[in-house]
Amino acid sequence: AGDSFTYGDELIEPEKNRFSKLVCDHFNAVEINRSRKSAGNDEIFLQCIEGLIEKPDICVIQLSDLVRITIAGKEISSFKTLKPRSENKDLETKIAKYLFQPSVNNMSAWYRLTKYKLVLVDDFLRSNNIKMVYCPRRDLDFYLNDDGLSLDIKRNFLDTEIRKIILNNKMPGGHPNEIGHELIAKEIIKKISVQRFSINFYQPI
């Protein structure tokens with residue numbers, strides 16, 4: 001589950017070279033990639049839950065930017081993502097300004113909103129005996145420095161946020177190039193290989 005990074009945007013053959021496929025190839029597993037370009041964390045969490053119908057063993061969740069928010073589109077199962085500077089259409093611009101203006105500079109507020117949902121999704125996956133790995137594009141310190149998140153959750157985060165992993169391996173649009181995807185896959189494989197997952201529930205925050 002994820003946004004354009006997980007989708008493999010800007011790659012010539014994303015279905016072959018994106019990090020989710022590389023990880024699955026390493027473990028001889030079937031790839032289930034439910035990502036969408038520009039997806040916010042609300043939608044990414046939903047992607048993960050909906051993916052349970054496929055009965056996965058491991059769920060890799062690539063967390064998007066904190067200040068992305070998802071709204072439902074006119075068509076069934078369609079979504080739109082807004083940012084503080086959304087300039088797509090008049091209505092979307094008004095919605096974005098209404099939602100973001102009071103706290104556009106208050107990153108901690110957006111982080112708390114994501115954190116509460118993350119805990120719920122983590123408990124849901126754990127209750128279904130599914131292992132998880134969290135791969136934030138950025139803002140890793142918000143998660144790791146939060147005393148309200150259990151150590152069990154923090155252990156499932158990559159040690160480095162994606163923007164630093166791909167620092168010198170990006171496409172013109174900022175997405176990982178093939179080497180960048182290989183580096184991300186390497187970090188995920190390492191996390192899956194060494195991590196001992198617990199199925200205990202977390203204490204409420």
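Trainee: In what order do the elements of the protein chain run from the N terminus on?
Mentor: The order is α-α-α-α-β-β-β-α-α-β-α-α-α-α, which comes to ten helices and four strands, where a helix is a DSSP run of H or I with at least four residues and a strand a run of E with at least two, numbered from the N terminus. This is a predicted model, in which local features need pLDDT of at least 70 and side-chain atom pairs count only at pLDDT 80 or more, while totals for chains, interfaces and linings use all residues. Residues are numbered from 1 along each chain as its sequence is written, and side-chain values use heavy atoms, leaving out hydrogens and water.

Trainee: What makes a set of residues a nonpolar core?
Mentor: Its members are Ala, Val, Leu, Ile, Met, Phe, Trp, Tyr or Cys, buried and joined through side-chain atoms within 4.5 Å, with buried meaning under 20% relative accessible area (1.4 Å probe, protein chains only). The largest such core has 25 residues, and Ile61, Leu125, Tyr134, Tyr143 and Phe157 have the most contacts inside it. Two or more residues come from each of α4 (41-50), β1 (58-61), α6 (107-127), β4 (131-134) and α7 (140-144), and α6 gives the most, with six.

Trainee: Which residues is Leu125 in contact with, leaving aside its neighbours within four places in sequence?
Mentor: Contact requires heavy atoms within 4.5 Å, and Leu125 has such contacts with Cys48, Leu52, Cys59, Ile61, Ile130 and Met132. A second, separate core of 14 residues includes Phe5, Phe19, Val23 and Ile189.

Trainee: How much of the protein chain is buried?
Mentor: Buried residues make up 45% of its 205 residues.

Definitions and conventions:
Buried < 20%, exposed > 50% of the residue type's maximum accessible area, 1.4 Å probe, protein only.
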